[in-house]
Amino acid sequence: DAVINHMAAGGGTGIAGSTFGNRAFPAAEYTQDNFHHNGGDESSNCAVTDYTSKNNVQLCDLSGLTDLCTGCDDTKNKLIAYLKNLKSKGSNIGFRIDAAKHQDSGELGSVLSGAGSTWNFQEVISGSGEAVTPEMYLNNGHVSEFNFARQLAPNFKDENKLCYLDSFG
């Protein structure tokens, strides 16, 4: 599971003793320049509040989590190096990209391509009328979204519906 869109909210000390805060994570070598921020104020950013706006979804902080600028060269190179390091840990390595919809699909594709990821899937939750859709990410690899589970669940919950699973999907 790769969380490469954002970092922790607020500030404090991580489990390994590293400190973070004010949109900087020294142990990960992320400075305020590696994050999206309000114009003229690197210490703050907008919040995701409008899922009908692609820019709001992809450039603002999700639930207070500092939003990495995956379009910034330094950030992109650090993410590529991170994924390459993970990939070097064994054979048959793939990635599940958490909250992929909060990154531009082209920027995410560039990171995954740079890392040489041979198999990945991206979490892109769909919603009616939303600006960012799962289809936008298909060029990067597989996409997981929650509609499949919502449609599948009744076949397990309702009596006499398991027989339909052989033709589901």
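Me: In this predicted model, what makes Glu 123 count as buried or exposed?
Reply: Its relative accessibility is 12%. Buried means under 20%, so Glu 123 counts as buried. Glu 123 lies in strand S4.

Me: What does Glu 123 touch, leaving out residues up to four places away in sequence?
Reply: Glu 123 touches Arg 96, Ile 97, Asp 98, Ala 99, Ala 100, Lys 101, Ser 144 and Phe 146. Contact here means heavy atoms within 4.5 Å.

Me: Why is the link between the side chains of Glu 123 and Arg 96 called a polar contact?
Reply: The distance is 3.2 Å. A polar contact is a pair of N or O atoms within 3.5 Å, one able to donate a hydrogen and the other to accept it, so the pair of Glu 123 and Arg 96 at 3.2 Å is called one.

Me: How do you know whether Gln 103 is buried or exposed?
Reply: Gln 103 has a relative accessible area of 1%. The limit for buried is under 20%, so Gln 103 is buried. Gln 103 lies in the loop between S3 and H3.

Me: Which residues is Gln 103 in contact with, leaving aside its neighbours within four places in sequence?
Reply: Gln 103 is in contact with Ile 4, Asn 5, Gln 58, Thr 70, Ile 97, Asp 98, Leu 108 and Tyr 137.

Me: Which residues of helix H3 are buried?
Reply: H3 covers residues 105-115, and its buried residues are Ser 105, Leu 108, Gly 109, Val 111, Leu 112 and Ala 115.

Me: Why can the buried residues of H3 be said to line one face of the helix?
Reply: Seen down the axis of H3, these buried residues fall within an arc of 160°, so they line one face. An α-helix has 3.6 residues a turn, so residues three or four places apart point the same way.

Me: What do the buried residues of H3 pack against?
Reply: They pack against helix H2 (73-87), strand S3 (95-97) and strand S4 (120-123).

Me: What is found at the start of H3, and what follows the helix?
Reply: At the start, a side-chain oxygen of Asp 104 reaches to within 2.9 Å of the backbone nitrogen of Gly 106. After H3 comes Gly 116, with a positive phi near 75°.

Me: What makes the phi of Arg 23 worth a remark?
Reply: Phi of Arg 23 is near 60°, a positive value in a residue other than glycine. Most residues other than glycine have a negative phi. Glu 29 also has a positive phi, near 60°.

Me: Where are Arg 23 and Glu 29, and what makes each count as buried or exposed?
Reply: Arg 23 lies in the loop between strand S2 (19-20) and H1, and Glu 29 is found in the loop between S2 and H1. At 6%, Arg 23 falls under the 20% limit and so counts as buried. Glu 29, at 56%, passes the 50% limit and so counts as exposed.

Me: Why is Gly 71 called partly exposed?
Reply: Its relative accessibility is 41%. Gly 71 is in the loop between helix H1 (54-59) and H2. The C-alpha atoms of Gly 71 and His 36 are 35 residues apart along the chain and separated by 9.6 Å.

Me: How do you know whether Asp 73 is buried or exposed?
Reply: Asp 73 has 57% relative accessibility, and exposed means over 50%, so Asp 73 counts as exposed. Asp 73 lies in helix H2. From Asp 73 to Ile 93 is 20 residues in sequence and 25 Å in space, C-alpha to C-alpha.

Me: How many residues does the protein have, and what share of them count as buried?
Reply: The protein has 169 residues, and 31% of them count as buried. Its elements are 4 helices and 5 strands, in the order β-β-α-α-β-α-β-β-α from the N terminus.

Technical notes: Residues are numbered from 1 along each chain as its sequence is written. This is a predicted model: local features need pLDDT of at least 70, side-chain atom pairs count only at pLDDT 80 or more; totals for chains, interfaces and linings use all residues. Side-chain values use heavy atoms; hydrogens and water are left out. Helices (H or I, at least four residues) and strands (E, at least two) are DSSP runs, numbered from the N terminus. Buried means under 20% relative accessible area, exposed over 50%, partly exposed in between (1.4 Å probe, protein chains only). The arc is that of the directions from the helix axis to the C-beta atoms.
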